[in-house]
Structure formats: C-alpha cells, structure tokens
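Here are some exercises to work through with the structure open beside you. Try each task yourself before you read the solution.

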Amino acid sequence: MASSTVNVLEYLRSHTQVDLDALDIEVAKKMALGRPFEDATSNPIDIFTQLQNPANAGLAEQSLLTASELHPLHPTLRLEELAVEVAATILTIRIIPHIHGKVHLMVNPHYAYDTQNILNTTRRYHSILHHLNPTYDPSRIVMKVPATWEGMQACKILTADDTPLRIQTLATTVFSMQQCILAAEAGCISVSPFINDLESVVYPSDAESDNPDLQLCYTAQTYYTQHGLATRVKACAATSIEQILRLVGVHAHTIDPVHLDVMAVQWRSEAELRALSLFGQTQRSQYDGSLSYGNDKARFQRDFAASGAGRAAQGKLDRALDVFGEFQKKAERRIGDCDCGV
C-alpha cells in the first residue's frame, strides 16, 4: 500500500514542538501554516541581526536612551552592555503577543564561567522587563545559560529560589551528555544540544567538515525519559532540512526561519519521513544507569574533558562561546555608535 504524502512542516509539528530561532516579529506574525510558533529564542547573534534589521529602525537609539535611565540602578555595568539587554527586552515584549509560549534570552556569554554575574544578569533582565511592562508574565521568560559548571550552579540557585519570581533556565552550548545530566540536576527546564559546531552555522565556508551530532539529542531525551526527569530536549543549530528531519520526535526544535519557509512548501512520503528519524528507531543508550554529579566539580570537569575524541566537547563549547562573545561585542558597538545625545 502506497504511503500518503504529507506536508513536511506539518508532519514535523505533529511530532515535535517547533520554535522560532529569532526574535523576528514579522516572521512570528506570519506564523507557520496559519499557527503561531510555540517559543521564540535568541542569542547575541540574533540581537545583533535584529539591531541591523530595517524593520527595527530606532531600536538601538531607544535601547540606549532607556539604558541611560536605568544605569544609575546598575552603576558597575557598562552602558552599552545594559543597552543590549534593553534591546533584547524590547524585542521580547514586541514578539510575545505573536507566539504561544515562551521567549528565551541568553545571558552575556562572557559570563559563562561566572556564577554571580549570571545570577545578576538573569535577575536584571526581569527587572528591565518589569520596568518596561509591569504586567509582563515571568512564566513566559526563560534565561539561556551556558552549560558550564559555573553556569549550572547559577541555574541550581535560581531553581531553589522560593520567591514569587521563579526564574526558568535553559542550558545552552550543550555538546555532551555530561552537560545534559548536570543541567537536569540544576533544574533547567530544557537543554539545547547543538547539532553542529556553532562556527559551521555562522561561518559555513570556514567549516572544516560537516559532522553533525544528532545522536546527543536522542540519547539525552531517552535518558530523561528513562529516569523520569522533567528537563526537555530543545535541539538547535541545524544546517539542513535533512538534519531537522532526522530529529523528528525530539521534544522541541528551534529552527531558522529559512528552513521553516522551505519545509512549509515541501511534500514528502510519510513513510520516508518516519524512516528518517532517529526517534523511530530502537537504539540502546550507553547511559542506562542513573548518573549524578551533585557538588563534584572535579568529576564533572574530568568526565566532560574526556567526552568525545580529543576533548571535542570542551573545544566546541569554547568556540561557541567565542562566537557568541564576538557578536555580543558587535551588538554593543552597534548601540554605542548611536548619535542620540547620550
């Protein structure tokens, strides 16, 4: 019996939560096949891109002026850094009526190994949100924190906070199961395994090889399910439609608008799509037992350093933080170049 033909994006959405990998208001308004995206996510690359977007004319100036008003409350913070956070917050407030779920905001990547600065940043974002929109819903905001030991300690503190403002976190720049396990212990609501090295996504011509890690998403999700952990897997950094389709069935996938547009007009055999996905195949996980790092930083660092051949995961993490850090500086310079009398 011949398999039915289905729309590729609709098929993906029937098995995986589809998120928008940008704070692009126009894309969010357009939706996908007539339905809003669940979540929208951002990082310094996206913030810089949105600052350059003609549709956001005046955003840099508005952000710098607002940051100048708020700067006396944060006197140790550089004005341009605060202004980038304000820009991300303004974009969040604009886009949130056009999505169904949450907006994900990334902390400054330069704080990846600084627990206190991560805590300060996550709390400051909520303070800025309250300043700009006192009626905002904190449950619709998720802070993206690099999955370093120090970053996950910050997430653990935020998870344990019993004040009315409960800050939700996602572990980003994830390249190993050690990070996935640590993130679940820290109470992150999601982890984002990077399918590809960030360099190969941002600078495709500079990539040495196309070596995607699709297996990590499957292994992490299987581990969480086996051990009754609430943390969800949110895949990211796909560079092709085929990579996305290999992960149909992952909890969530944050996807570039270009790939979404292509899938929206593609039709393929349902049997073919089903056969492509790792989640439709029975595989044995190498992490059958329950693992815990607790407060053992030395053990985590040792295991993480050994993950992958030749410290591959640590190298990918370092390179990803370098790329994000580069765009953080670009965003700050873009705002700093404003001529608005500040």
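Predicted model: local features only at pLDDT ≥ 70, side-chain atom pairs only at ≥ 80, totals over all residues.

**Exercise 1. Work out which residues of helix 14 are buried, and where they sit around the axis.**

*Solution.* Step 1: list the buried residues. They are Phe300, Phe304 and Ala305.

Step 1: consider their directions. These residues span an arc of only 125° around the axis, so they lie on the same side of helix 14.

Step 2: turn to the opposite face. Pointing away from the buried side are the exposed residues Ala298, Arg302 and Ala306.

Step 3: find the cover. Among the elements that cover the buried residues of helix 14 are helix 7 (149–160), helix 8 (177–186) and helix 15 (312–336).

**Exercise 2. Describe the salt bridge between Asp19 and Lys234, and compare its setting with that of Arg268 and Glu272.**

*Solution.* Step 1: get the total. The structure has 17 salt bridges.

Step 1: take the pair Asp19 and Lys234. Their side chains meet with an N to O distance of 2.4 Å. Asp19 is in strand 2 (residues 17–20) and Lys234 in strand 8 (residues 232–235), so by these strand assignments the pair links distant parts of the chain, 215 residues apart.

Step 2: check burial. Asp19 is buried at 1% relative accessibility, and Lys234 is buried at 3%.

Step 3: take Arg268 and Glu272. Their closest N and O atoms are 2.7 Å apart. Here Arg268 counts as buried at 16%, whereas Glu272 is partly exposed at 34%.

**Exercise 3. Which residues are in contact with Val145, leaving aside its neighbours within four places in sequence?**

*Solution.* Step 1: locate the residue. Val145 is part of strand 5 (residues 141–146), and with 0% relative accessibility it is buried.

Step 1: list the contacts. They are Val107, Ile118, Gly151, Met152, Cys155, Thr169, Leu170, Ala171 and Thr172.

Step 2: pick one partner and compare sequence with space. Thr169 is 24 residues from Val145 in sequence, while their C-alpha atoms are 6.8 Å apart.

**Exercise 4. Characterise the largest pocket by volume and lining.**

*Solution.* Step 1: read the volume. The largest pocket holds about 640 Å³ of space.

Step 1: find the lining. It has 30 residues, and those nearest the centre are Asp21, Asn43, Ile45, Val201 and Asp256.

Step 2: assign the lining to elements. Helix 3, helix 9 (198–202), strand 9 (252–255) and helix 12 (257–264) each give at least two residues. Helix 3 contributes the most, with four residues.

**Exercise 5. How many cavities of 30 Å³ or more does the whole structure have, and what lines the largest cavity?**

*Solution.* Step 1: count. The search finds one such cavity, with about 110 Å³ of space in it.

Step 1: find its lining. There are 14 lining residues, with Pro44, Val84, Met106, Tyr125 and Gln328 nearest the centre.

Step 2: assign them. Helix 3 (44–52), helix 5 (79–95) and strand 4 (103–106) are the elements that give two or more residues to this lining. The largest share, three residues, comes from helix 5.

Step 3: The cavity lining has nine nonpolar, four polar and one charged residue.

Methods:
Residues numbered from 1 in each chain as written. Heavy atoms only, no water. 1 Å grid on protein atoms, 1.4 Å probe; cavity = no way out; pocket = protein on both sides within 12 Å on 5 of 7 lines; lining within 4 Å. Points joined across faces, edges and corners; volume = space filled by probe spheres on them. Nonpolar A, V, L, I, M, F, W, Y, C, P; charged D, E, K, R; others polar. Salt bridge = Lys/Arg side-chain N within 4 Å of Asp/Glu carboxyl O. Buried < 20%, exposed > 50% of the residue type's maximum accessible area, 1.4 Å probe, protein only. Arc of directions from axis to C-beta. Contact = heavy atoms within 4.5 Å.
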